[in-house]
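This briefing covers the ligand site, the salt bridges and the surface of one protein model. The topics are grouped below for reference.

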Amino acid sequence: MIDENELVIRALEARKHAYVPYSHWAVGAALLTKEGKIYEGCNIENAAHTPTNCAERTAFFKAVSEGERDFAAIAVVGAYEAEEPEKICAPCGVCRQVMMEFCDPDTFRVVLGTKDGVQVSQTLKEMLPYGFGPDVLNIKN
Ligand code: THU
(Lines give C-alpha, C1' and ligand atoms only; values in the text may rest on other atoms or scores of the structure.)
Protein backbone atom coordinates (compact mmCIF):
# COMPACT_ATOMS: atom_id res chain seq x y z
CA MET A 1 0.00 0.00 0.00
CA ILE A 2 1.37 3.39 -0.99
CA ASP A 3 1.55 6.06 1.69
CA GLU A 4 0.76 9.01 -0.54
CA ASN A 5 1.17 11.56 2.25
CA GLU A 6 4.68 10.24 2.91
CA LEU A 7 5.43 10.63 -0.79
CA VAL A 8 4.28 14.27 -0.67
CA ILE A 9 6.60 14.88 2.30
CA ARG A 10 9.51 13.53 0.22
CA ALA A 11 8.50 15.80 -2.68
CA LEU A 12 8.52 18.78 -0.29
CA GLU A 13 12.05 17.75 0.76
CA ALA A 14 13.19 17.43 -2.87
CA ARG A 15 11.79 20.88 -3.64
CA LYS A 16 14.37 22.44 -1.29
CA HIS A 17 17.05 21.63 -3.92
CA ALA A 18 15.26 23.32 -6.83
CA TYR A 19 17.59 25.49 -8.93
CA VAL A 20 15.27 28.24 -10.13
CA PRO A 21 17.10 31.56 -10.63
CA TYR A 22 14.89 32.50 -13.61
CA SER A 23 11.30 31.57 -12.80
CA HIS A 24 11.68 31.32 -9.00
CA TRP A 25 9.07 28.56 -9.25
CA ALA A 26 10.38 25.67 -7.19
CA VAL A 27 9.04 22.16 -7.81
CA GLY A 28 9.76 18.90 -6.03
CA ALA A 29 8.89 15.35 -7.01
CA ALA A 30 9.16 11.96 -5.32
CA LEU A 31 8.95 8.88 -7.54
CA LEU A 32 8.08 5.55 -5.90
CA THR A 33 9.20 2.27 -7.45
CA LYS A 34 7.09 -0.87 -7.13
CA GLU A 35 9.75 -2.22 -4.77
CA GLY A 36 9.30 0.75 -2.46
CA LYS A 37 12.36 2.85 -3.31
CA ILE A 38 11.90 6.61 -3.66
CA TYR A 39 13.80 8.81 -6.12
CA GLU A 40 13.57 12.54 -5.45
CA GLY A 41 13.81 15.22 -8.13
CA CYS A 42 13.72 19.01 -8.40
CA ASN A 43 13.53 21.39 -11.34
CA ILE A 44 16.88 22.56 -12.68
CA GLU A 45 16.79 25.72 -14.77
CA ASN A 46 19.30 27.09 -17.25
CA ALA A 47 20.33 30.53 -18.53
CA ALA A 48 19.46 29.34 -22.05
CA HIS A 49 15.97 28.37 -20.73
CA THR A 50 15.25 25.38 -23.00
CA PRO A 51 17.68 23.02 -21.22
CA THR A 52 15.55 23.40 -18.08
CA ASN A 53 14.48 20.08 -16.60
CA CYS A 54 11.27 19.68 -14.61
CA ALA A 55 11.28 18.03 -11.19
CA GLU A 56 9.30 15.03 -12.41
CA ARG A 57 11.70 14.29 -15.24
CA THR A 58 14.70 14.72 -12.95
CA ALA A 59 13.23 12.01 -10.71
CA PHE A 60 12.47 9.71 -13.65
CA PHE A 61 15.86 10.16 -15.27
CA LYS A 62 17.67 9.53 -11.99
CA ALA A 63 15.69 6.33 -11.47
CA VAL A 64 15.89 4.99 -15.03
CA SER A 65 19.61 5.76 -15.19
CA GLU A 66 20.07 3.53 -12.15
CA GLY A 67 18.20 0.63 -13.71
CA GLU A 68 14.68 1.17 -12.39
CA ARG A 69 11.80 0.41 -14.75
CA ASP A 70 8.82 -0.38 -12.51
CA PHE A 71 7.06 2.57 -10.95
CA ALA A 72 4.03 2.84 -8.69
CA ALA A 73 3.46 6.57 -8.11
CA ILE A 74 4.87 10.08 -8.22
CA ALA A 75 4.12 13.01 -5.89
CA VAL A 76 4.56 16.60 -7.08
CA VAL A 77 4.56 19.91 -5.19
CA GLY A 78 5.31 23.39 -6.48
CA ALA A 79 5.16 27.07 -5.54
CA TYR A 80 7.26 30.22 -5.72
CA GLU A 81 10.49 29.48 -3.89
CA ALA A 82 9.82 31.95 -1.09
CA GLU A 83 6.45 30.35 -0.33
CA GLU A 84 5.17 27.01 0.89
CA PRO A 85 3.03 25.10 -1.66
CA GLU A 86 -0.58 25.98 -0.86
CA LYS A 87 -2.08 25.04 -4.23
CA ILE A 88 -1.45 22.04 -6.43
CA CYS A 89 1.15 22.13 -9.23
CA ALA A 90 0.14 19.73 -11.99
CA PRO A 91 2.77 18.08 -14.23
CA CYS A 92 3.38 19.67 -17.62
CA GLY A 93 2.54 17.78 -20.80
CA VAL A 94 6.14 16.77 -21.45
CA CYS A 95 6.44 15.19 -18.00
CA ARG A 96 3.14 13.34 -18.45
CA GLN A 97 4.53 11.96 -21.71
CA VAL A 98 7.70 10.76 -19.94
CA MET A 99 5.50 9.02 -17.34
CA MET A 100 3.63 7.39 -20.25
CA GLU A 101 6.90 5.90 -21.50
CA PHE A 102 7.66 4.01 -18.29
CA CYS A 103 4.37 3.54 -16.44
CA ASP A 104 1.14 1.62 -16.80
CA PRO A 105 -1.45 4.39 -17.26
CA ASP A 106 -4.17 2.29 -15.59
CA THR A 107 -2.31 1.82 -12.32
CA PHE A 108 0.45 4.48 -11.99
CA ARG A 109 -0.72 7.19 -9.60
CA VAL A 110 0.01 10.90 -9.91
CA VAL A 111 -0.28 12.57 -6.51
CA LEU A 112 -0.54 16.35 -6.30
CA GLY A 113 0.23 17.74 -2.89
CA THR A 114 0.57 20.91 -0.89
CA LYS A 115 2.15 21.71 2.46
CA ASP A 116 -0.96 20.10 3.95
CA GLY A 117 -0.53 16.75 2.18
CA VAL A 118 -2.34 14.98 -0.65
CA GLN A 119 -4.87 17.07 -2.56
CA VAL A 120 -5.37 15.06 -5.76
CA SER A 121 -4.57 11.44 -6.54
CA GLN A 122 -5.32 10.16 -10.03
CA THR A 123 -4.11 7.48 -12.39
CA LEU A 124 -1.85 8.52 -15.24
CA LYS A 125 -4.72 7.63 -17.60
CA GLU A 126 -6.90 10.23 -15.88
CA MET A 127 -4.09 12.81 -16.15
CA LEU A 128 -3.28 11.93 -19.76
CA PRO A 129 -6.30 10.48 -21.55
CA TYR A 130 -5.65 8.71 -24.87
CA GLY A 131 -1.92 8.82 -24.12
CA PHE A 132 0.58 7.76 -26.79
CA GLY A 133 2.97 5.22 -25.33
CA PRO A 134 5.20 2.26 -26.14
CA ASP A 135 2.19 -0.10 -26.30
CA VAL A 136 0.99 1.70 -29.43
CA LEU A 137 4.25 0.76 -31.12
CA ASN A 138 4.08 -2.76 -29.62
CA ILE A 139 7.14 -2.09 -27.51
CA LYS A 140 7.15 -3.65 -24.05
CA ASN A 141 8.75 -1.78 -21.19
N1 THU B 1 8.09 22.85 -13.65
C2 THU B 1 8.33 21.63 -13.08
O3 THU B 1 9.43 21.34 -12.62
N4 THU B 1 7.31 20.74 -13.03
C5 THU B 1 6.02 21.03 -13.34
O6 THU B 1 5.17 20.19 -13.15
C7 THU B 1 5.68 22.34 -13.92
C8 THU B 1 6.84 23.24 -14.24
C9 THU B 1 9.16 23.85 -13.63
C10 THU B 1 9.81 24.21 -14.95
C11 THU B 1 10.38 25.57 -14.62
O12 THU B 1 11.64 25.41 -14.00
C13 THU B 1 9.41 26.16 -13.61
O14 THU B 1 8.67 25.06 -13.11
C15 THU B 1 8.48 27.20 -14.19
O16 THU B 1 7.84 26.74 -15.32
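A residue counts as exposed when its relative accessible area is over 50%, as buried when that value is under 20%, and as partly exposed in between. By this criterion aspartate 116, with a relative accessible area of 59%, is exposed. The model is predicted.

**Ligand site**

- The shell around the ligand consists of Ser23, Trp25, Val27, Asn43, Glu45, Thr52, Cys54, Ala55, Glu56, Ala90, Pro91 and Cys92.
- By class, these residues comprise seven nonpolar, three polar and two charged.
- Strand β1 (25-33) and helix α2 (55-65) each contribute at least two residues to the shell.
- The side chain of glutamate 45 places an N or O atom 2.5 Å from an oxygen atom of the ligand.

**Salt bridges**

- Side chains of opposite charge can pair when their charged atoms come close.
- Glutamate 4 and arginine 109 meet through their side chains in a salt bridge, with an N to O distance of 3.4 Å.
- Because glutamate 4 belongs to helix α1 (residues 4-15) and arginine 109 to strand β4 (residues 109-114), this pair ties together parts that are 105 residues apart in sequence.
- Within the pair, glutamate 4 is buried at 16% relative accessibility, whereas arginine 109 is partly exposed at 25%.
- Aspartate 106 and lysine 125 form another salt bridge, their closest N and O atoms being 3.3 Å apart.
- That pair links distant parts of the chain, 19 residues apart: aspartate 106 is in the loop between α3 (93-102) and β4, and lysine 125 is in helix α4.
- Aspartate 106 is partly exposed at 46% relative accessibility, and lysine 125 is partly exposed at 47%.
- Aspartate 116 pairs with lysine 115 in a salt bridge whose closest N and O atoms are 3.4 Å apart; lysine 115 is partly exposed, with a relative accessible area of 37%.

**Nonpolar surface**

- Phe132, Val136, Leu137 and Ile139 form a nonpolar surface patch with about 400 Å² of accessible area together.
- Leucine 137 lies in the segment after α4 (124-127) and is exposed, with a relative accessible area of 53%.

Note on methods
Residues are numbered from 1 along each chain as its sequence is written. This is a predicted model: local features need pLDDT of at least 70, side-chain atom pairs count only at pLDDT 80 or more; totals for chains, interfaces and linings use all residues. Side-chain values use heavy atoms; hydrogens and water are left out. Patches are made of residues with over 30% relative accessible area and no salt bridge: like charges are joined within 9 Å, nonpolar side chains (Val, Leu, Ile, Met, Phe, Trp, Tyr) within 5 Å. Accessible areas come from the Shrake-Rupley method with a 1.4 Å probe; for residues, only the protein chains shown count as cover. A salt bridge is a side-chain nitrogen of Lys or Arg within 4 Å of a carboxyl oxygen of Asp or Glu. Helices (H or I, at least four residues) and strands (E, at least two) are DSSP runs, numbered from the N terminus. Buried means under 20% relative accessible area, exposed over 50%, partly exposed in between (1.4 Å probe, protein chains only). A residue is near a molecule or strand if one of its heavy atoms lies within 4 Å of it. A polar contact is a pair of N or O atoms within 3.5 Å; within protein, one must be able to donate a hydrogen and the other to accept it, and residues adjacent in sequence count only if both atoms are side-chain atoms. Ala, Val, Leu, Ile, Met, Phe, Trp, Tyr, Cys and Pro count as nonpolar, Asp, Glu, Lys and Arg as charged, and the others, Gly among them, as polar.
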